[in-house]
Amino acid sequence: MEARDKQVLRSLRLELGAEVLVEGLVLQYLYQEGVLTENHVQEIKAQATGLRKTMLLLDILPSRGPKAFDAFLDSLQEFPWVREKLEKAREEAIVELPAGN
């Protein structure tokens with residue numbers, strides 16, 4: 001995952017946690033796309049609360065390769081407002097990077 005995308009996830013971490021993103025199709029989509037392993041899915045589902053599940057997902061995503069952020073965006077079909085927020089933060093992060101990076 002690109003440093004910019006990791007920064008976006010970090011900067012929106014608490015807001016994303018409040019959305020309880022792991023319910024519904026998000027985990028299954030990320031598993032289907034090969035971003036998460038079966039062990040990841042089981043570990044996330046084993047967490048006691050929606051917040052903890054989402055936080056664990058946010059901990060795992062940055063290490064899951066270059067397609068992880070885009071797959072995460074695609075998985076948010078049930079949460080269009082979250083997807084829009086992430087896309088906006090990503091665009092702003094591009095603008096803020098110094099030239100030459």
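The buried residues of helix α5 pack against α1 (3-11), α2 (13-18), α3 (26-32), α4 and α6 (68-75). Buried means under 20% relative accessible area, exposed means over 50%, and partly exposed lies in between (1.4 Å probe, protein chains only). Helices here are DSSP runs (H or I, at least four residues), and strands are runs of E (at least two), numbered from the N terminus.

## The model

This is a predicted model: local features need pLDDT of at least 70, side-chain atom pairs count only at pLDDT 80 or more, and totals for chains, interfaces and linings use all residues. Residues are numbered from 1 along each chain as its sequence is written, and side-chain values use heavy atoms, with hydrogens and water left out.

The pLDDT is the predictor's confidence in each residue, from 0 to 100. It averages 89 over the chain. A score of at least 70 is reached by 93% of the residues. Confidence is highest in helix α4 (residues 38-45), with a mean of 96. It is lowest in helix α7 (residues 80-96), with a mean of 87.

## The annotated span

An unreviewed UniProt entry carries the annotation "domain: CARD" for residues 1-78. UniProt positions follow the numbering used here, feature names are shortened, and annotations may be inferred rather than shown by experiment. The span is 63% helix and 0% strand. Its end C-alpha atoms lie 23 Å apart.

## Inside helix α5

How many residues of α5 are buried? Eight of the 11 residues in α5 (residues 50-60) are buried, so the helix is largely enclosed by the rest of the structure. They are Gly50, Lys53, Thr54, Met55, Leu56, Leu57, Leu58 and Ile60.

Thr54 is buried, at 0% relative accessibility. Contact means heavy atoms within 4.5 Å. Leaving aside neighbours within four places in sequence, Thr54 is in contact with Leu16, Gly17, Val20, Leu21 and Val22.

Lys53 also lies in α5. Lys53 is buried at 17% relative accessibility. Beyond residues up to four places away in sequence, Lys53 touches Val22, Glu23, Ile44, Lys45 and Gln47. Gln47 sits in the loop between α4 and α5. Gln47 is partly exposed, at 26%. Besides Lys53, Gln47 is in contact with Arg52 and Leu56, again leaving aside neighbours within four places.

In α1, the buried residues are Arg4, Asp5, Val8 and Leu9. Seen down the helix axis, they fall within an arc of 140°, so they line one face of α1. The arc is that of the directions from the helix axis to the C-beta atoms. On the other side of α1, Ala3 and Arg10 are exposed.

## The nonpolar core

A nonpolar core is a set of buried Ala, Val, Leu, Ile, Met, Phe, Trp, Tyr and Cys residues joined through side-chain atoms within 4.5 Å. The largest one has 31 residues. Which members touch the most other members? They are Leu9, Leu30, Leu57, Leu61, Phe72 and Leu86. The elements giving two or more residues to this core are α1, α3, α4, α5, α6 and α7.

Leu9 touches Met1, Leu16, Leu58, Leu61, Pro62, Phe69, Phe72 and Leu86, not counting residues up to four places away in sequence.

## One aromatic pair

The whole structure holds one aromatic pair. Phe79 and Trp81 form it, edge-to-face, at 5.7 Å centre to centre and 70° between the planes. Rings of Phe, Tyr and Trp (its six-membered ring) pair if their centres lie within 6.5 Å; planes under 30 degrees apart count as stacked, over 60 as edge-to-face and the rest as tilted. Phe79 is buried at 11% relative accessible area, whereas Trp81 is partly exposed at 44%.
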